[in-house]
Amino acid sequence: MEGLRNAPHSMGTTIIGVTYDGGVVLGADSRTSTGMYVANRASDKITQLTDNVYVCRSGSAADSQIVSDYVRYFLEQHTIQLGEPTTVKVAANLVRLLSYQNKNMLQTGLIVGGWDKHEGGQIYSIPLGGTILKEPFTIGGSGSSYLYGFFDQAWKEGMSKEEAEKLVVKAVSLAIARDGASGGVVRTVIINADGVTRNVYTGDTLPLWHEELEAHNSLLDILSSGSSAESPVPMST
Amino acid sequence: MMLPGSNRRIHAVHRHSGMAIAGLAADGRQIVTRAKSEATSYEKVYGEPIPVKELAERVASYVHLCTLYWWLRPFGCGVILGGYDCNGPELYMVEPSGVSYRYFGAAIGKGRQAAKTEIEKLKLSELTCRQGVIEVAKIIYGVHDEAKDKAFELEMSWVCEESNYQHQKVPDDLLEEAKAAAKAALEDMDDD
């Protein structure tokens with residue numbers, strides 16, 4: 001039983017990146033697990049690389065953090081050298097080089113998304129081996145298995161910002177419902193010409209899919225709303 | 001006695017950029033080799049063609065390096081670097097001291113003073129690349145001193161929409177057209 005709590009931190013995860021007409025929307029769940037124990041139920045898996053490029057991390061928490069840190073460092077130097085914001089393509093390529101050249105040691109799938117003035121909004125998928133693929137939308141993490149069919153049906157070209165974010169939130173919440181390694185809140189990051197917007201959707205704002213319990217702040221609320229007696233008093237030792 | 005086309009002064013650095021050398025040809029080769037290697041290694045790491053500004057800075061710092069140590073001699077040549085990146089067409093000149101600036105019109109070599117004067121007369125923002133080719137040919141022929149200088153061969157390259165944004169030699173028919181226009185302009189000048 002000990003092994004169930006001492007496994008390395010991994011982000012079971014559901015991550016999504018979607019382009020829309022004018023930018024990109026990145027989405028992720030917030031569960032970090034060590035084996036069966038949820039080490040962090042509100043983690044932020046969407047990390048900033050530059051002002052205009054963010055990355056969704058999945059797989060080993062340590063590996064994805066280190067890769068992000070290195071790429072952020074290289075991009076900062078590159079921006080200073082160039083004298084203008086780096087492009088999303090450059091950021092994705094640096095992530096890819098690190099992933100590919102260290103493929104024997106790393107276990108992390110990443111989605112790089114951002115906006116630049118030359119190519120607009122772009123999403124790059126960099127899965128386990130270090131392949132790089134530019135795609136209009138992409139999904140990753142253990143929870144993504146349950147979303148392939150959903151996206152085949154629900155995705156369309158040229159969505160608006162609101163439509164794209166709605167799609168991402170719906171998708172992550174569907175995956176959370178089915179994947180044990182995904183859970184918590186849904187975080188989204190929208191990147192476009194005007195800048196970056198971060199949103200959080202807590203459990204009570206997400207639709208229920210399969211007769212789950214309604215979200216409550218605490219069990220004590222149920223008890224106090226049910227009985228007319230005074231609310232339970234904590235035990236004293 | 002020399003075979004035409006054998007004293008190349010213009011070299012391609014990358015798909016989108018090229019370099020013209022003035023001065024010691026062997027030193028120029030070294031700079032071109034370095035520039036080519038900087039361009040390919042940048043693309044390997046960053047996944048995009050090297051911005052011309054960045055390439056110019058790297059060439060300049062390489063040339064400057066050779067002015068820092070007593071056991072190295074400065075490069076005996078200057079270089080004009082032109083390219084077309086995502087920010088549009090750009091022109092840079094690197095001198096043997098390592099100084100590098102961006103220009104809209106530049107000249108190096110023996111006849112550079114006269115050439116610069118001629119360039120300044122042009123309305124650069126209104127010229128198309130084709131027109132530019134003709135004007136440049138006229139200037140080269142114009143500053144060539146028949147009495148003092150040896151015979152020369154005109155070599156031209158361009159990067160523009162017509163060349164599909166690649167650095168390539170100016171097509172033969174346009175080159176001939178430019179040479180003819182330049183010679184005609186010379187005769188007009190002589191007639192005065």
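Over all chains, 15 salt bridges are counted, a salt bridge being a side-chain nitrogen of Lys or Arg within 4 Å of a carboxyl oxygen of Asp or Glu. The structure is a predicted model, in which local features need pLDDT of at least 70 and side-chain atom pairs count only at pLDDT 80 or more, whereas totals for chains, interfaces and linings use all residues. Residues are numbered from 1 along each chain as its sequence is written, chains are lettered from A and ligands numbered from 1 in the order in which they are written, and side-chain values use heavy atoms, with hydrogens and water left out.

In chain A, the side chains of Asp29(A) and Lys45(A) form a salt bridge with an N to O distance of 3.0 Å. This pair links distant parts of the chain, 16 residues apart, with Asp29(A) in the loop between strand 3 (23-28) and strand 4 (32-34) and Lys45(A) in the loop between strand 5 (37-40) and strand 6 (46-50); helices (H or I, at least four residues) and strands (E, at least two) are DSSP runs, numbered from the N terminus. Asp29(A) is buried at 0% relative accessibility, and Lys45(A) is buried at 1%, where buried means under 20% relative accessible area, exposed over 50%, and partly exposed in between (1.4 Å probe, protein chains only).

In chain B, the side chains of Asp27(B) and Arg73(B) meet in a salt bridge at 2.7 Å, N to O. Asp27(B) belongs to helix 1 and Arg73(B) to the loop between helix 2 (52-65) and strand 3 (77-85) of chain B, 46 residues apart. Asp27(B) is buried, with a relative accessible area of 8%, whereas Arg73(B) is exposed, at 51%. Arg34(B), Glu38(B), Glu54(B) and Arg58(B) are joined into one network by salt bridges that share partners.

Helix 2 of chain A (residues 61-82) has 22 residues and should span 32 Å at 1.5 Å a residue, which agrees with the 31 Å between its end C-alpha atoms; the expected span is 1.5 Å times one less than the number of residues. The buried residues of this helix include Val67(A), Val71(A), Leu75(A), His78(A) and Leu82(A). Seen down the axis of helix 2 of chain A, the buried residues fall within an arc of 145°, so they line one face of the helix, the arc being that of the directions from the helix axis to the C-beta atoms. The face turned away from the buried side carries the exposed residues Glu76(A) and Ile80(A). Gly83(A), which follows helix 2 of chain A, has a positive phi, near 80°.

At the interface, 12 residues of chain A are in contact with 13 residues of chain B, contact meaning heavy atoms within 4.5 Å. The area buried between the two chains is about 1,000 Å², of which carbon and sulfur atoms give 47%; buried area is the accessible area (1.4 Å probe) that two parts lose on being put together, summed over both. The elements giving two or more residues to the side of chain A that touches chain B are helix 2 and helix 3 (88-101) of chain A, and helix 3 provides the largest share, 5 residues. Across this interface 0 salt bridges are found.
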